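Here is a short briefing for a first look at this structure.

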Amino acid sequence: MLTLLRHHDGTPFRDLNHNGTMEPYEDPRLPVEERVDDLLGRMTLAEKAALMCHARMFPGDHPPFPSNAGLIGERGLTHFAMMAVPDPRTMAEWNNHVQDLAAAHRLGIPVTISSDPRHGFTANPATAHIGGGFSAGPEPIGLAATDDPALVEEYAALIGRELCAVGIRVAIHPMADLATEPRWARISGTFGEDPERAARMITAYIRGLQGERVGPDSVACMTKHFPGGGPQAGGEDSHFAAGRRLVYPGGAFEQHLRPFEAAFAAGTAQIMPAYAIPSGTGLAEVGANFNRDVITGLLRGKYGFDGVVCTDFNAITGMEVSGIGSLPPRHWGVEELSVAEQVVLTLDAGADQLGGETDPGLVLATVRSGAVSEQRIDVSARRILRDKFRLGLFDDPYVDVDAAADRVGAPAGRELGRRLQERSLVHLAGRPVSGGRLYVEGVDRAVAGRYGTVVDQPDDADVAVIRLATPFEPRGGLLERHFHSGSLEFAPAEVARLTALAAGVPTAYVAQLERPAVLTPLAPHAALLVGEFGAADEVVLDAVLGRAPMTGTLPFDLPSSMAAVEKSREDVPFDTRDPLFRCGHRAP
C-alpha cells in the first residue's frame with residue numbers, strides 16, 4: 001500500500017492524477033533511474049535550466065521569506081546554499097516553507113538546501129559559518145589532529161544528523177585540499193599536509209555524512225576544490241586576483257590528487273572545482289571551473305566521476321550583498337570573455353551547476369544561441385535530479401520542527417563535539433602547569449574563575465594562560481579582511497611582551513593554529529606550549545592544568561621562520577627547512 005505524504009499543514013504533498021495514481025516520477029516504489037527518466041521527459045528547457053543554478057540564501061531571506069518566493073515561484077530555482085542559519089526550530093520552519101513553495105510548482109520539484117561547514121569555530125562569510133545551535137567540534141584541521149578515523153566518522157555522522165534535522169541535505173565540504181603552502185588562508189578547513197592522513201580523514205568524513213551509499217538519511221558531500229586548492233601561489237587565496245594561480249614548482253601535482261582519490265572511493269556525491277588556474281601542469285591555463293581538461297578530462301575521464309559538478313560560487317557574475325556591496329567574479333583566465341561565453345565554456349568543461357547564480361536565463365541563452373544543445377543540458381539535469389531522488393526529497397522533503405529543536409545541539413552531541421576538541425589538542429612542549437591564582441589572556445574570565453582565582457596582573461599570578469591567534473597581515477576589502485594570509489611571524493613588540501611575561505610567571509602559550517604559526521621565538525620561554533584548532537576555554541584549561549590528556553598530533557609542519565616558508569615550494573609537503581616541529585609531533 002502506498003502512503004500519501006502530506007505537507008506540514010496536513011494537505012497532500014503529491015496530488016493523485018485523475019486515475020487516482022501517482023505519476024511514475026512521484027512513485028517511491030520505482031527505481032531512481034526510471035523516476036529520473038520520467039521526470040526529465042516532462043520538463044521544459046526553462047525548468048532544466050533552473051536546476052542548474054545553485055543560489056545563495058542570505059540572512060534577510062528568513063521569515064517572511066520575501067525573496068525565496070521570487071527565486072522559487074518565479075524563476076523555479078530549487079538549490080540554495082545557506083549563508084546564515086537561525087535557531088534550529090526557525091530553520092526547520094524555513095525548510096518546510098520553501099518546500100511548500102516548490103510543491104506549488106507544476107512538477108513539484110523539491111528544494112535542496114546546502115551549506116558550508118557550520119560545526120566549528122570559524123566565521124567567514126565565504127567559507128564557513130557559526131551559529132544555529134550545532135554541536136561544535138574543532139575545525140577540520142583539528143579532526144586531522146586526532147588521526148582517529150573511527151572518531152571522525154562518528155562525529156561526521158552527528159554532523160549529518162543535525163544538518164538533516166533542519167533540512168540541509170548537501171554539505172559543501174569536505175575540503176580535500178592539502179595544506180602544503182603554510183601562508184594559505186584556508187588551511188583550517190583542510191585535513192592537513194600529509195596526503196595519506198588527509199585521505200584517511202576524507203574517507204571517514206564522507207562515510208559519516210553519506211553512509212555506505214547516498215540515501216534518505218544522508219547528507220550528500222560536495223568535495224572541493226578539485227584538482228586541489230592547496231598550492232596557491234605565494235599563499236594568496238583564489239577568492240582574490242592575487243591568488244588566481246595554483247603553482248607546482250616541485251612537480252607534486254599528483255600528490256594533491258590523493259585525497260580526492262580517497263573521496264571517490266568513499267563515494268562522494270558531488271565535486272566542486274577550484275577557482276584557480278592549475279598553472280604549468282599541461283592542463284588548460286584557465287580556472288578549474290572553466291577547464292575542460294580538469295573536469296571532463298581528469299575528473300570524468302581518468303577518475304570516471306559521474307556525479308554533480310557544481311562550480312565554486314559566483315565565479316561568473318560575482319555577488320551582490322545587500323547592505324554591503326558587490327563582490328567581483330572569480331573568472332581567472334577567462335576575464336576577457338563575455339558572461340555568455342563564460343557560461344558556454346563552463347558547460348563545455350563539464351560542469352552541471354553554476355554555484356551562486358540565480359538567473360536560469362544564463363543557461364537558456366546558451367541553448368537558444370546554438371552554442372549548447374538541449375541534450376547537453378539533459379545530461380546535467382539528470383545528474384542533479386538523481387541526487388534529489390537518492391536523498392528522498394521527492395518522497396518527503398519536510399522536517400519535524402519539534403524534533404529539530406530537540407536534536408540539534410543535544411547534550412550527547414555537544415559532548416561528542418567536546419571530546420573531539422579534547423582529542424585534537426597537541427602537546428608541543430613543556431609540562432602542564434598548576435596554581436590557584438590565574439592570569440589569563442584570550443580566555444573568558446568567568447570560565448577561568450571556575451579553575452582558580454583570576455588576577456589582573458601577571459605579577460600576582462601563580463600561572464599565566466595565554467591563548468594566541470596565529471599572526472596574519474590584515475587586508476582591506478569587503479571579503480578579504482576575513483581571509484588571514486601573509487606572514488606567520490609574531491611582531492617583534494609582541495614577542496618581547498610575551499617573553500617578558502613568561503620571565504615573571506610560569507606561562508602556558510596556547511596557539512590557535514588556523515595556519516602553521518612561527519612559534520620559534522616563544523617556545524624556549526614557555527612552561528607549556530599547546531596547539532589547538534578550535535576548542536572551548538574549558539577544554540583548554542582542563543588540558544593546560546593537567547586535568548585532561550593531550551593526545552593530538554600535528555597535522556602539518558610548524559616552520560621555524562618565515563624565511564623557511566618563503567623558500568619552500570607551494571606544492572611540496574614538508575618542504576620548509578628545519579621546522580620547529582614536524583607533522584605528527586606530540587611531546588613525550
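**Strand β14 and its partners**

Strands β14 and β16 (residues 463-469) run parallel and are joined by 4 bridges. Strands here are DSSP runs of E with at least two residues, helices are runs of H or I with at least four, and both are numbered from the N terminus. Two strands pair if DSSP finds at least two bridges between them.

This is a predicted model: local features need pLDDT of at least 70, side-chain atom pairs count only at pLDDT 80 or more, and totals for chains, interfaces and linings use all residues. Residues are numbered from 1 along each chain as its sequence is written, and side-chain values use heavy atoms, without hydrogens and water.

- β14 also pairs with strand β15 (residues 453-454), in the parallel sense, over 2 bridges.
- Leucine 438 has valine 463 as its bridge partner in β16.
- In β15, leucine 438 has valine 454 as its bridge partner.
- β14 (residues 437-441) is largely enclosed by the rest of the structure, because 4 of its 5 residues are buried (under 20% relative accessible area, 1.4 Å probe, protein chains only).

**The second largest pocket**

- A pocket is an open set of points on a 1 Å grid over the protein atoms alone, where a 1.4 Å probe fits, with protein on both sides within 12 Å along at least five of seven lines.
- The second largest pocket holds about 450 Å³ of space, a volume filled by probe spheres set on the points.
- Its lining has 23 residues, each with an atom within 4 Å of a point.
- Cys164, Ala165, Pro216, Asp217 and Arg407 lie nearest the centre of this pocket.
- α6 gives the largest share of the lining, 5 residues.

Note on methods
Buried < 20%, exposed > 50% of the residue type's maximum accessible area, 1.4 Å probe, protein only.
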